[in-house]
Amino acid sequence: MRNIFLITLSIIVAACSSLPGSVTINLGSNTATPANTAAPQNTASPASTVAPTSAATPSARPNIIFILADDMASTDLEVMPKLKSLVTDQGVSFNNYLVNISLCCPSRVATLRGQYANNSKIFGNGTPDNGGFERVYELGLEKATAAVWLQNAGYRTMLAGKYLNGYPGKAGVTYVPPGWTEWYSAVRGNAYNEFGYTLNENGKMVQYGTKAEEYGTDVYAKKTVQLIQTSVKEGKPFFAYMAVYAPHTPATAAPRHEKLFADVKLPRPPSFNEDDMGDKPAHLQRSNKLTDKQIASMEEEYRKRLQSLQAVDDAVETIVNALKETNQLNNTYIFFAADNGYHLGQHRLPAGKQQPYEEDIRLPLIVRGPGVPAGKTVDHLSGNIDLASTWIELAGAKADIALDGRSLVPLLKNNLPSIESWRQCFLIQRGDDGDEDSSQPQPTATPRPAVGGGRLGAGGNPDFAGLRTKKYTYVEYETGEKELYDLAKDPYQLNNIAKSANADLLKELSTRLAEMMKCAGESCRKSDGVAFKN
């Protein structure tokens, strides 16, 4: 009986090991599709039309590969032609895939546990009382994750690349969290630099230096290929979680890509360096217009980000080729996503995340696999809390905690449920993390400029909670301020209508937000599924 493989591609920095000679790792060329140009035409074969199985025996279940990018904006997909031809054109793209908290650690915990931050209690990256690996470890959250549930169901599981901010902390450099059959994650050095790091490889310390072949993303791709080969030989289904560091700052490119995008220009949508900020909350109204020097710096960061993503694009091709060579491509689910979005100059904001705007909360999610229609888009609201539910349904596994999310399996078919019968709102938040972007395991990143002065949150940014619906973004700040944007009329969120909107609409949104802030498990799906009257 053929193995049906689920492949979720989550791009994380992972360690590299020697790859058997039978599989070639594609290191790419010195050319890439420049920004604002069309991606190549589809050259890959259509996805299988075999429906996913729910059989419980390991040999009948699909494998899952999750590729997770770090701080990737949805618009960055434009410069990844291999991803487009091999995954996007062969599967389903989610147009409204959202993140609960647009910050690395909370997002990754939400992905692995299927819970909003209110229920995981992980709101930040590193402060002792609200986030980071140390808090996750202290609360014992790693004992109940998708990795544990799939491993219990007979899957060979692997994490390669970035885990949680602050790992390994007091747990020690040899620590491997529960649920992972294979483990390759950085414990020393600065893996964000892609060179000069040490991986914990299943309890053994392996150093990687500055040779081209030791580039982080390439190493993690090799680890994923190795998992595919080993699992096929053993006849076991697998779950591969590949979490790359690209395009997170410093966005180090592979040497073969360092000269690409020399003439690229920073995108300037209507919200870029916004002229009138009078409708925004006070902490943003205090922002001065970006200077030419600031814009030039962001343009250079943008160039590096695109360069660093080329190795991720190569990794997608490498993994797909390995699946072809092991006759598993048509039996594999591949998920490609980002942990959070990223803004570069929109609404006068310097480079960063953690704002309630589309650039930060709406992310790429692309899925191909058995039974998944090719080249389709889905407009239904989805989010990072949905992935765990999706994976365990595909794998025939079982969670031992209440999950807040919904399985996306019904959206991976030709006949979709109506949007009216699906989720109507998604909870977005900003916690009280003491360091807005402490996303490095070692404090090597350049601190981001404060948006405004004051006592609230990181860099003067107040905490918020809000809802993203199909039509609106609604936000309540701890200051009492509110934002409301009609996304159909105002997709760039230039006109905050909170002060002029219908009172019944505002009351309905505020009441639903209060419900969502208290929900857990089934009550989240009950509350988010009720249609709005206004």
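These questions and answers walk through ring pairs and strands in a predicted model.

Me: How many aromatic pairs does the count come to?
Reply: Two rings pair if their centres lie within 6.5 Å. By this rule the count is 22 aromatic pairs.

Me: Are the rings of Tyr-163 and Trp-183 stacked or edge-to-face?
Reply: A pair of aromatic rings is described by the distance of the centres and the angle of the planes. Here the centres are 4.9 Å apart and the planes stand at 85 degrees. Planes over 60 degrees apart count as edge-to-face. So the pair of Tyr-163 and Trp-183 is edge-to-face.

Me: How many residues apart are Tyr-163 and Trp-183?
Reply: Tyr-163 sits in the loop between strand E5 (156-161) and strand E6 (182-189). Trp-183 belongs to strand E6. The pair links distant parts of the chain, 20 residues apart.

Me: Is Phe-335 buried or exposed?
Reply: Buried means under 20% relative accessible area. Phe-335 has a relative accessible area of 1%, so Phe-335 is buried.

Me: Which helix holds Trp-391, the partner of Phe-335?
Reply: The rings of Phe-335 and Trp-391 have centres 6.1 Å apart and planes at 90 degrees, so they are edge-to-face. Phe-335 lies in strand E10 (residues 332-338), and the pair ties together parts 56 residues apart in sequence. Trp-391 lies in helix H10 (residues 387-395).

Me: Over the face of which ring does Arg-512 lie?
Reply: A charge sits over a ring if CZ of Arg is within 6 Å of the centre and within 35 degrees of the ring normal. Arg-512 is at 4.2 Å from the ring centre. The ring is that of Phe-532.

Me: How many residues of strand E15 are buried?
Reply: In a regular strand the side chains alternate between the two faces of the sheet. Cys-425, Leu-427 and Gln-429 point one way from E15, and Phe-426, Ile-428 and Arg-430 the other way. All are buried. For E15 (residues 425-430), that is six of six.

Me: What is the bridge partner of Arg-430 in E16?
Reply: Six bridges join E15 to strand E16 (residues 464-469). The two strands run antiparallel. In E16, the partner of Arg-430 is Phe-464.

Key. Residues numbered from 1 in each chain as written. Predicted model: local features only at pLDDT ≥ 70, side-chain atom pairs only at ≥ 80, totals over all residues. Heavy atoms only, no water. Phe/Tyr/Trp six-rings, centres within 6.5 Å; stacked < 30°, edge-to-face > 60°. Helix = DSSP H or I, 4+ residues; strand = E, 2+ residues; numbered from the N terminus. Buried < 20%, exposed > 50% of the residue type's maximum accessible area, 1.4 Å probe, protein only. Pairing = 2+ DSSP bridges.
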